[in-house]
Amino acid sequence: MSMSDNISTILASGIRLSLPLAFAACGEYLAERAGTLNISIEGMMLGAAFASIATASMTGSASVGLLAGAVVGLLIGVVHGNLSHRIEINTFVVGLVINALVLGLTSYLITISEFDTHQVAQVGIPVLRDIPIVGEALFVGRWPAFLILAIVPLTWWLVERSRWGLELRAVGENAQAADVTGIKVNKRRRQALMWCGVLAGLGGAYLAVGEVGSFNQNMTAGRGYLVIAAVIFGAWRLKRTLVGCALFGLADAMRLALPALGVTLNSQLLIVAPYLLALLTMLLFAAQHREPRSLGQPFERGTA
Amino acid sequence: MTLTERTEQPAGTRRPALRLRGIRKAYGPVVACDAVDLTVHTGEIHGLLGENGAGKSTLMKILLGLVPRDDGLILHHGRPVAIASPHEAMALGLGMVHQHFSLIGPLTVWENVILGDSGRIDRAEACAQVETIGKRYGLPVDPTTRVDRLSAGERQRVELIKCLRRDPSVLILDEPTSVLTQAESAELFTVLRRLVQTEERAVILISHKLAEITTATDRVTVLRRGRVVFEARTRQTSPQELARQMVGREVSLRAEGAALGLGALPVDGPEGTAAAEPATAPDPAVPATPTTTSEPAALRLRDVTVTVGGITVLDQLNLDVRAGEIVGLYGVEGNGQATLGDLLCGLVVPAAGTVELAGAPVDLTRPGALHRAGLGIVPEDRHRSGVVLDMSVAENLAMKSLGDVSGRMLLSRRKMHAVAQRLAAEFNIVTPSMDTPVRSLSGGNQQRVVLAREMSANPAVLVAAQPTRGLDVGAIEDMYQRLNRAAADGVAVLLISTELEEVMALASRIAVISAGRITGVLPTREATAERLGMLVGGVTG
Amino acid sequence: MNGRQAADGTGRRILARLAPGPANWRVVGVTILAVAAALGLSALLIAVTGGSPVASVQALFQGSMADPTAWSSTLLFTAPLLLVALGVCVSARSGFFNLGQEGQVLIGAMAATWVALRLAIPGPVLLVVTFLVAALAAGAWAGLSSLMYRFRGVNVVVSTMLMTFLAQQLVAYMVTTPWLLQESRIGTGTVSPQSNKVPANALLGSVGEYPNLQLNAGLLLALATAVAVAVVLTRTRWGFRLKMVGLNPVTAESAGVRVAALGGFALAVSGALAGLAGAVLLTSPVGTNRLQAGISNNIGWDGLLVALVARNRPLVAIPVAVLFGVLRSGGGFLAATGVPPFLVDVVKALLVLAFVAPPVVMNLISRRSTGRAGRIVSTPARVPEEAVA
């Protein structure tokens with residue numbers, strides 16, 4: 001294989017690996033801007049991955065599976081939102097419990113069930129796919145991959161330009177003041193978590209019915225935490241968050257591809273690279289205070 | 001929502017814009033509002049007066065749809081309305097200018113202004129509206145600035161613009177002058193006057209400052225313990241009458257009067273201060289002047305400079321307090337008092353300058369050093385830095401002197417209780433038991449816990465920062481007595497206050513703080529409104 | 001960031017929320033109902049998926065409590081779970097929410113392995129040194145998070161969580177690198193990604209002689225630690241100050257407590273206790289006595305759940321840790337009845353929810369009905385108003 005073939009392969013695989021992260025990161029970004037540091041995103045992705053394969057297996061349609069994944073993500077978002085922003089159980093506790101529950105439940109169910117392999121159709125954009133090196137990576141893929149082209153601008157528009165997004169940001173920055181202004185703080189946070197669930201669900205489902213075609217136990221293997229790291233790496237800005245996802249996907253692709261190319265690079269180092277990057281970002285840019293100020297703080301009326 | 005031009009009507013056309021009839025609200029067994037009637041007419045500024053806990057804020061929350069009422073009728077221009085949500089209140093044209101917690105710092109002015117609306121966002125239109133309203137009412141502010149870059153006065157303008165943009169028929173202002181200088185307050189009242197006279201609006205002005213109520217309002221309603229006890233035209237009543245109605249009994253024109261903001265008082269302050277005041281001590285008009293007495297000042301701040309986030313909050317501040325005197329540090333909120341309080345709590349380390357107690361500089365980088373050196377402090381925000389709400393009365397009383405309540409290894413609950421019992425008796429702390437969490441005590445009793453703990457260490461210096469804020473009149477009187485007694489016992493007392501009347505009544509000298517500097521120190525008897533006004537405005541005296 | 005700011009708000013809020021309210025029989029009643037519901041849901045899951053709930057309960061019981069051998073296995077799991085949970089109690093007191101126990105357990109196990117294999121210390125002294133170094137290493141690991149918070153303001157929840165992934169890969173690297181801790185090659189045999197077996201004088205023995213029942217010294221260590229932690233937290237000046245820092249760091253600081261140092265130290269102590277759990281996992285017969293990438297086996301996460309259920313009370317954590325030990329050792333027996341052992345993870349998660357939710361819900365209900373402000377008054381260490389003016 002030529003050098004450019006290798007680069008092309010790694011690039012293509014890097015993009016495929018970063019897509020599940022990118023879908024989920026759009027959701028996590030939005031939830032964090034509204035003030036929820038959502039660690040149940042891992043459970044959302046895992047639950048959705050399982051649901052997509054199970055549904056695809058039952059209906060025979062991978063696309064229906066994808067939809068089912070988004071719905072399960074939404075459901076987990078609804079549960080998390082109600083437990084932490086209605087009943088007011090601490091959001092980290094809720095996240096831990098949801099992740100443990102989803103991991104246990106999917107592991108349990110996959111052990112006693114048999115599912116067929118299902119994968120959504122691959123599409124390529126004519127002409128553009130023939131561009132050397134990047135053509136294969138950017139213009140060929142499973143069709144849901146191209147949804148990201150709509151979801152990223154939509155997320156940006158929702159957060160930065162819509163009234164809903166203005167209210168989300170207000171809630172994330174100063175929940176007490178937002179409440180006084182007449183914004184329903186907990187309702188907005190629940191809505192943000194629902195949107196986060198849909199996107200994380202898409203990400204998890206894309207991983208299962210998009211890339212792999214099957215489900216195995218603990219399939220997401222910490223990708224949800226990787227998404228949180230991406231948002232931190234992105235310092236709560238969408239563009240940088242997506243750059244983070246791309247970097248993390250590439251690191252993963254290199255880890256998988258390098259041994260075959262005869263390059264020895266420590267695989268553990270590539271695995272931890274995203275987490276290290278996130279930590280370093282926080283250490284280096286902590287002074288900028290880009291973090292939403294109410295992040296992770298529960299809201300109760302009359303606590304300020 | 002657009003800004004409609006209202007047809008101008010001659011002032012004096014009096015129709016009730018808002019009528020409240022028999023409003024009742026109870027929180028469990030506590031009745032916050034009991035059969036409250038309130039009538040506010042278009043074209044008037046209506047003062048709402050009452051002590052803390054009298055039910056003012058509950059009433060306003062009901063009016064704004066933040067709290068549901070248990071009973072009662074609200075008539076808006078004669079029509080009964082429900083007001084079940086803030087949006088409904090907004091749609092009816094009830095607007096509130098909040099004092100705290102309502103602007104979001106990282107958002108821009110225009111974003112803050114349109115927060116709470118509905119529908120699409122139009123940035124250009126929002127900016128234009130901010131500018132139009134600003135021009136119309138003399139409230140200039142740049143719509144694209146982030147709010148956290150604005151000064152307190154500018155933020156208040158944003159609040160007003162935000163409210164006026166919704167074209168409110170009734171405008172509610174909650175303690176609007178606490179962060180403003182006298183000049184800024186006067187400007188605000190001019191704007192309000194124009195609003196009601198030329199634009200057919202009504203204003204409800206909530207205040208605890210009698211002087212403000214009597215100068216700025218047309219009618220006044222006094223609430224006491226959830227009930228309306230008095231209603232009159234402002235012109236036909238007097239501050240004394242209002243004070244009497246507010247408290248429910250005759251008010252002496254001494255400390256108590258000061259607690260209610262009853263104007264500046266005759267000079268011969270309350271007993272205690274006068275006696276303790278060293279007759280021969282020169283009153284340095286310039287703070288840096290060294291004392292001529294051989295005795296070093298009990299507390300001396302020397303060139304104290306504090307910067308927070310690159311901003312100089314205290315700027316080479318100099319201040320002396322001698323044993324046995326009460327020095328009042330007076331100024332408008334937000335001029336560095338909070339930081340000075342934090343500094344004397346040991347929470348802030350100055351970038352430059354020293355704090356000296358009895359002539360010896362204190363190493364402020366060491367936690368608890370001020371306490372050990374003999375400084376006691378009643379902090380401005382006791383919930384933040386005075387008590388631990390979820391710990392018991394006994395624990396809160398013992399927390400600065402754990403050594404006294406310990407055995408060799410372990411804490412002794414028995415000793416802790418004994419100390420607590422003694423202090424509770426001495427300082428009249430009313431509590432079901434020493435194990436009760438401080439959270440469930442009244443504000444006055446929480447404040448007594450703080451004072452008891454600080455006084456139990458026999459301090460040479462006592463700092464009291466806004467010590468009466470949020471207390472009822474009884475507790476305020478008690479606090480004044482204790483401060484006077486401390487001074488009489490030879491303690492150097494520094495009273496940090498935004499209440500001019502309080503400072504005038506208690507202090508023998510008044511230091512004025514403005515923009516983090518002491519702009520002048522005056523003996524209380526020489527303090528006139530004009531001189532203080534100049535100093536507060538930053539003109540060095 | 002001047003390092004004198006107050007402890008992380010997150011943990012303080014959690015602490016305030018989880019703090020035991022006045023003993024309330026209604027809460028107890030609702031909790032019992034919730035636990036019954038959690039167990040009922042689990043049974044339903046088994047039944048729907050074609051298993052037998054009764055058989056599953058029997059298997060769980062068989063594997064964990066039926067006889068002394070089963071109890072031995074249960075208690076072997078109890079010890080590390082309890083140690084981790086005690087660590088959570090300490091850090092939660094100080095207002096920090098440590099989410100990195102899993103990684104701290106691994107670091108403890110790794111350091112213990114290194115000492116046990118590399119230091120030629122004779123006799124039982126080796127065991128003592130092993131445990132000490134495990135605690136120190138994991139304490140330092142957690143201490144990194146407190147340093148990052150103190151000097152750069154990095155959120156502790158996030159940093160401890162991210163550090164877990166670093167720890168996992170660090171241990172993986174250690175056991176796959178021959179010159180570090182990977183097992184020695186004997187002849188031409190293959191080597192696995194694991195360390196050599198630790199020497200016999202670094203193993204925790206059983207205490208006392210009972211027929212079929214093994215009481216491992218690790219359990220005694222954990223129980224003694226529980227009592228010690230309880231006494232230190234409730235009866236000493238240090239514990240008093242820690243509580244102040246957790247409930248109101250600003251007041252604590254003005255009362256002369258070195259808030260940042262004390263809070264950071266508490267976080268390190270919590271890491272150290274997790275490290276001890278790692279050493280127990282390595283040296284007690286619960287595993288293979290070798291360092292493997294999976295040696296922590298979710299003990300860190302489960303220990304965190306134990307503390308959540310116990311509401312950060314050290315002595316309450318003892319029975320809860322036993323319960324979680326029961327689920328772990330019983331889970332192994334489930335497979336025999338055709339029910340995947342993952343079921344216990346589902347049961348665990350539902351149980352945690354059943355214990356955590358009722359007090360919060362009841363508190364909420366009582367707050368809503370009286371309309372009083374919440375139990376928590378936020379005291380953020382924020383920049384004074386005038387600073388931004």
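**Close-up 1. Helices α8(C) and α9(C) are roughly perpendicular to each other in this predicted model.** Two helices of chain C are shown, α8 (residues 217-235) and α9 (residues 237-247). Their axes lie 5 Å apart, and the helices pack at an angle of about 70°. An angle of about 70° falls within the range of 65 to 115 degrees, and the pair is therefore described as roughly perpendicular. On the α8(C) side, the residues that meet the partner helix are C:V232, C:L233, C:T234 and C:R235. On the α9(C) side, they are C:W238, C:G239 and C:L242. By class, this contact has 4 nonpolar residues, 2 polar residues and 1 charged residue.

**Close-up 2. Chain A and chain C are in contact.** The view shows 39 residues of chain A that touch 45 residues of chain C. On the side of chain A that touches chain C, the elements that give two or more residues are α4 (91-112), α10 (223-233) and α12 (267-285) of chain A. Helix α4(A) supplies the largest share of this side, with 13 residues. By class, the residues on the chain A side divide into 27 nonpolar, 10 polar and 2 charged.

**Close-up 3. Four strands of chain B form an open sheet.** The strand order is β12-β11-β14-β15 (chain B), and the pairing is antiparallel. At the edges are β12 (311-321) and β15 (360-361) of chain B, each of which pairs on one side only. Helix α11 (residues 337-345) of chain B packs on the sheet, where it touches β11 and β12 of chain B. The direction of α11(B) makes about 115° with that of β11(B).

**Close-up 4. Strands β11(B) and β14(B) pair in the antiparallel sense.** Strand β11 covers residues 299-308 of chain B, and strand β14 covers residues 352-357 of chain B. The two strands are joined over 5 bridges. In one bridge, B:R302 has B:T354 in β14(B) as its partner.

**Close-up 5. Chain B is shown as the setting of the sheet.** Chain B contains 19 helices and 20 strands. Of its 541 residues, 51% count as buried. Among the contacts in chain B between residues at least 6 apart in sequence, 68% join residues at least 24 apart.

Methods. Residues are numbered from 1 along each chain as its sequence is written. Chains are lettered from A and ligands numbered from 1 in the order in which they are written. This is a predicted model: local features need pLDDT of at least 70, side-chain atom pairs count only at pLDDT 80 or more; totals for chains, interfaces and linings use all residues. A residue is buried if 20 or more other C-beta atoms lie within 10 Å of its own, exposed if 12 or fewer, and partly exposed in between; C-beta atoms are placed from the backbone. Two residues are in contact if their C-beta atoms, placed from the backbone, lie within 7 Å. Axes are lines fitted to C-alpha atoms, for helices over the stretch in contact, and angles run from 0 to 180 degrees between N-to-C directions. Angles under 35 degrees count as roughly parallel, over 145 as roughly antiparallel, 65 to 115 as roughly perpendicular and the rest as oblique. Ala, Val, Leu, Ile, Met, Phe, Trp, Tyr, Cys and Pro count as nonpolar, Asp, Glu, Lys and Arg as charged, and the others, Gly among them, as polar. Two strands pair if DSSP finds at least two bridges between them.
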